[in-house]
Amino acid sequence: MTDFDEINPIYVRELRIDDIAPVYHLGEELFTSDLYPYLYRTWDEWEVIGLYNTDPEYCLVAETDGELAGFILGTIITKASWTYGYILWLGVNPKFQRQGVADKLVDKVVARMIEDGARFMLVDTDPTNIPAVKFFNRKGFGNIRQHIFLSMNLSKHPYYGRLIDYEHQKAERAGYKRSRPAIRARKADGGANEIVINPLINDESSPI
Ligand SMILES: CC(C)(COP(=O)(O)OP(=O)(O)OC[C@H]1O[C@@H](n2cnc3c(N)ncnc32)[C@H](O)[C@@H]1OP(=O)(O)O)[C@@H](O)C(=O)NCCC(=O)NCCS
């Protein structure tokens, strides 16, 4: 690590607008559905854009030789008389892992949070994420509490079924409308034609 530090020092700085896309893509590479399904589902570009807007002082990147080595995104929560620092996302480019990058990012964000009144730090991750659990343990985070996530496949939900039926009926009606030319009825006196309104086309029924 000493050689690496001397040749290509890790430089930690605040996230800039140009970092948003690279940070998002690095997160996509790290938070994969096979390894960490919950992290995968909740990671998107709005996480980066949103936190960059609301908490820029706790959004940091590490770079080395102009290359993105890692990022940390955090926030502060104030509850009654307590102020908590919360690390929401932390990721290190696999090329630079085990070289102290996360260490530097966490140290810097924690220092900033202490300056801003935080007296307690929070972090969460997937229980199977051994590198992260070991990393945070080593940094002094403890008192692990398991938290369970429940999920439901909404394609089995009755409202979803009703919505699909409604969409099918709508598509059928649209097909029916396209396949039939407009029907024109003759007036009894054989005068000008008049469009007969198709009651199906004007049906305003809703899926609910
Ligand atoms: C967890 C993570 C951020 C650690 O980053 P890092 O820069 O490699 O960590 P550091 O080099 O600063 O710290 C290394 C220490 O963390 C722990 N650690 C890191 N990776 C580890 C691994 N694969 N296995 C076991 N321990 C590991 C060890 O205690 C290690 O110390 P050691 O090298 O002396 O054994 C990185 O592995 C990562 O980006 N993982 C994918 C994203 C993720 O899970 N983020 C956290 C949840 S949001």
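Predicted model: local features only at pLDDT ≥ 70, side-chain atom pairs only at ≥ 80, totals over all residues.
**Entry 1: helix 7**

I then checked the length of helix 7, which covers residues 158-179.

**Entry 2: the whole chain**

Next I stepped back to look at the fold. I counted 7 helices and 7 strands in the protein chain. Going along the sequence, I wrote down the order as α-β-α-α-α-β-β-β-α-β-α-α-β-β. The chain has 208 residues, and buried ones make up 19% of them. I also looked up how far apart in sequence the contacting residues are. Among contacts with a separation of 6 or more, 61% join residues 24 or more positions apart.

**Entry 3: the core**

Which residues have the most contacts inside the largest nonpolar core? I found Leu-60, Phe-71, Ile-72, Val-101, Ala-102, Leu-105 and Val-109, in a core of 32 residues. The elements giving two or more residues to this core are helix 2 (20-30), strand 2 (59-64), strand 3 (67-79), strand 4 (82-92), helix 5 (101-115) and helix 6 (130-138). Helix 5 gives the most, with 6 residues.

Leaving out neighbours within four places in sequence, I found Leu-105 in contact with Val-12, Leu-60, Ala-62, Gly-70, Ile-72 and Leu-90.

**Entry 4: helix 2**

Helix 2 was my next stop. Its buried residues include Val-23, Leu-26, Gly-27 and Leu-30. Looking down the axis of helix 2, I saw that the buried residues fall within an arc of 100°, so they line one face of the helix.

What do the buried residues of helix 2 pack against? I listed helix 4 (45-54), strand 2, strand 3 and strand 4. On the face of helix 2 turned away from the buried side, I found the exposed residues Ala-21 and Glu-29.

**Entry 5: the ligand**

I then turned to the ligand and its surroundings. There are 20 residues around the ligand, and the closest are Gln-97, Ala-102, Asp-103, Pro-131 and Phe-135. Ala-102 was already in my notes as one of the core residues with the most contacts.

Strand 4, helix 5 and helix 6 each supply at least two residues of the shell. Which element provides the largest share? Helix 6 does, with 6 residues. Sorting the shell by class, I got 10 nonpolar, 6 polar and 4 charged residues.

**Entry 6: two positive phi values**

Ala-80 has a phi near 50°, a positive value in a residue other than glycine. I located Ala-80 in the loop between strand 3 and strand 4. Ala-80 counts as exposed because it has 5 C-beta neighbours inside 10 Å, and the cut-off for exposed is 12 or fewer.

Arg-98 is not a glycine either, yet its phi is positive, at about 60°. Arg-98 sits in the loop between strand 4 and helix 5. Is Arg-98 buried or exposed? With 11 other C-beta atoms within 10 Å, I put Arg-98 down as exposed.

**Entry 7: two partly exposed residues**

Phe-141 is in the loop between helix 6 and helix 7. I counted 16 C-beta neighbours inside 10 Å, so Phe-141 is partly exposed. Setting aside neighbours within four places in sequence, Phe-141 is in contact with Met-121, Val-123 and Phe-136. Val-123 is 18 residues from Phe-141 along the chain, and I read 8.3 Å between their C-alpha atoms.

I finished with Glu-14 in strand 1 (residues 11-14). Glu-14 has 14 C-beta neighbours inside 10 Å, so it also counts as partly exposed. Not counting residues up to four places away in sequence, Glu-14 touches Pro-56, Cys-59 and Leu-60. Leu-60 links this entry back to the core, where it is among the residues with the most contacts. From Glu-14 to Glu-57, 43 residues apart in sequence, I noted a separation of 6.8 Å, C-alpha to C-alpha.

Terms used: Residues numbered from 1 in each chain as written. Core = buried A, V, L, I, M, F, W, Y, C linked by C-beta atoms within 7 Å. Buried ≥ 20, exposed ≤ 12 C-beta atoms within 10 Å, placed from the backbone. Helix = DSSP H or I, 4+ residues; strand = E, 2+ residues; numbered from the N terminus. Contact = placed C-beta atoms within 7 Å. Near = placed C-beta within 6 Å. Nonpolar A, V, L, I, M, F, W, Y, C, P; charged D, E, K, R; others polar. Expected span 1.5 Å × (residues − 1). Arc of directions from axis to C-beta.
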